[in-house]
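Colleague: I would like to learn how to read the packing and the charged pairs in a model such as this one. Could we go through it feature by feature?

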Amino acid sequence: MALPSTHEALIYLMVITSASDRDMTNVELGRIGEIVRSWPIFVDFDDNKLVETARACQVLLHEPAGLSGALALVGKVLPHRLHDTAYALAFEVASVDLEMRFEELRVLQLMREHLELDSVTIGALELATKARHRTLT
């Protein structure tokens, strides 16, 4: 299998997060699409390739190496300077429906380990995302 592009690796992390509880909700899928269309990191990604990229990730997850293989592959592709961005993307998808199940929390934990993020960075990214999703009620 060819290595995914940096953009594809970032999308893989969002898809992995959404699929972690075996229920890729429309809210999560919609948020992935919004992120790809609006975050600067994806400015030169052809969003017409989003569905194809998501499917490639799902195929990868069903291979014998499964989740650990997918995370290792992403780790080979992502430059260290994008590890915090990658986690921010994944956490954004996990938190968009305002409910995190055990499976999502476990996948996020594995991502933090693979991305070798420190607790201060993790806390800052998670707090910023939670603050962005708060409502008055």
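Modeller: Let us begin with what packing means here: two residues are in contact when heavy atoms lie within 4.5 Å. Please keep in mind that this is a predicted model. With that cut-off, the buried residues of H1 pack against H2, H3, H4, H5 and H6.

Colleague: How many of the residues of H1 are buried?

Modeller: Buried means under 20% relative accessible area, and by that criterion 12 of the 14 residues of H1 are buried, leaving the helix mostly covered. Among them are His7, Leu10, Ile11 and Met14.

Colleague: Which residues touch the most other members of the largest nonpolar core?

Modeller: That core has 39 residues, and those with the most contacts to other members are Met14, Phe42, Tyr87 and Met111. Two or more residues come from each of several helices, including H1 (6-19), H2 (26-38) and H5 (83-95). Phe42 has a relative accessible area of 2%, and is therefore classed as buried. Beyond its neighbours within four places in sequence, Phe42 contacts His7, Leu10, Ile11, Met14, Ile35, Val36 and Leu89.

Colleague: And what of the aromatic pairs in the whole structure?

Modeller: The search finds 2 of them.

Colleague: Turning to charges, which residues are linked in a network of salt bridges?

Modeller: A salt bridge is assigned when a side-chain nitrogen of Lys or Arg is within 4 Å of a carboxyl oxygen of Asp or Glu. Here the network joins Arg31, Glu34, Glu92 and Arg132. Within helix H2, Arg31 and Glu34 are 3 residues apart, about one turn of the helix, and their side chains meet at 2.9 Å, N to O. In general, an α-helix has 3.6 residues a turn, so residues three or four places apart point the same way.

Colleague: Why does the bridge between Glu92 and Arg31 tie together separate parts?

Modeller: The closest N and O atoms of Glu92 and Arg31 are 2.8 Å apart. Because Glu92 lies in helix H5 and Arg31 in helix H2, the pair ties together parts 61 residues apart in sequence. Glu92 also meets Arg132 at 2.6 Å, N to O, which links helix H5 to helix H7 across 40 residues. Glu92 is buried at 0% relative accessibility, whereas Arg132 is partly exposed at 46%.

Key. Residues are numbered from 1 along each chain as its sequence is written. This is a predicted model: local features need pLDDT of at least 70, side-chain atom pairs count only at pLDDT 80 or more; totals for chains, interfaces and linings use all residues. Side-chain values use heavy atoms; hydrogens and water are left out. Rings of Phe, Tyr and Trp (its six-membered ring) pair if their centres lie within 6.5 Å; planes under 30 degrees apart count as stacked, over 60 as edge-to-face and the rest as tilted. Buried means under 20% relative accessible area, exposed over 50%, partly exposed in between (1.4 Å probe, protein chains only). A nonpolar core is a set of buried Ala, Val, Leu, Ile, Met, Phe, Trp, Tyr and Cys residues joined through side-chain atoms within 4.5 Å. Helices (H or I, at least four residues) and strands (E, at least two) are DSSP runs, numbered from the N terminus.
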